[in-house]
Amino acid sequence: MPILNVQIMQGHSAAQKTALLQAASQAVVESIAAPLSSVRIVLQEIPAEHVIVAGEIGKAMARVDAALIEGRDEAKKSALIAALNRAVCDSIGISGEDVRVLIRDVPKTDMGVANGLSAKAAGR
């Protein structure tokens with residue numbers, strides 16, 4: 001059950017944000033073979049005055065935090081990082097240099113899934 005939190009600067013159109021959510025969902029499905037029904041993404045918009053990148057207030061940026069049930073190998077994680085970077089760039093028109101992706105492996109006992117079960121209890 002991949003859970004993503006995507007942070008972008010305010011000011012993008014509704015169409016760009018929708019495209020980003022759809023592209024990020026597809027990136028997860030294609031890169032790590034997660035079922036679409038398991039993908040959860042929350043998009044947060046950050047005011048420019050609340051961001052500093054390389055000493056510059058309001059510099060373009062995007063950050064994707066991805067929590068994954070433990071067990072994926074380095075190749076799948078690398079593919080996910082690249083796919084999410086492309087999804088962000090293609091959707092909201094920023095440079096790949098301005099995108100960061102963080103992956104966190106979550107133990108099966110620590111990831112809650114449908115109906116209040118842990119991923120381990122649900123057999124994942």
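Reader: Which residues touch the most other members of the largest nonpolar core?

Author: The model is predicted: local features need pLDDT of at least 70, side-chain atom pairs count only at pLDDT 80 or more, and totals for chains, interfaces and linings use all residues. Residues are numbered from 1 along each chain as its sequence is written, and side-chain values use heavy atoms, with hydrogens and water left out. A nonpolar core is a set of buried Ala, Val, Leu, Ile, Met, Phe, Trp, Tyr and Cys residues joined through side-chain atoms within 4.5 Å; buried means under 20% relative accessible area, exposed over 50%, and partly exposed in between (1.4 Å probe, protein chains only). Among the 24 residues of the largest core, those touching the most other members are Val-28, Val-64, Leu-84, Val-88 and Val-99.

Reader: Which element gives the most to this core?

Author: Helices (H or I, at least four residues) and strands (E, at least two) are DSSP runs, numbered from the N terminus. Two or more core residues come from each of strand E1 (3-9), helix H1 (14-32), strand E5 (62-69), helix H2 (74-92) and strand E6 (99-106). With seven residues, the element that gives the most is H2.

Reader: Within what arc do the buried residues of H1 fall?

Author: The buried residues of H1 include Leu-20, Ala-24, Ala-27, Val-28 and Ile-32. Taking the directions from the helix axis to the C-beta atoms, these buried residues line one face of the helix, because they fall within an arc of 155°.

Reader: Which residues of H1 are exposed on the other side, and against which elements do its buried residues pack?

Author: Ala-14, Ala-15, Gln-22 and Glu-30 are exposed on the other side of H1. Its buried residues pack, by contact (heavy atoms within 4.5 Å), against E1, strand E2 (40-46), E5 and H2.

Reader: What are the bridge partners of Ala-62 in E5?

Author: Two strands pair if DSSP finds at least two bridges between them. E1 and E5 are antiparallel, with six bridges, whereas E5 and E6 run parallel and are joined by eight. Ala-62 of E5 is bridged to Ile-8, and its partner in E6 is Val-99.

Reader: How many residues of E5 are buried, and what handedness has the unit of E5, H2 and E6?

Author: Six of the eight residues of E5 are buried, so this strand is largely enclosed by the rest of the structure. A crossover is right-handed if, with the strands pointing away from the viewer, the path from the first strand over the helix to the second runs clockwise. The β-α-β unit made by E5, H2 and E6 is right-handed.
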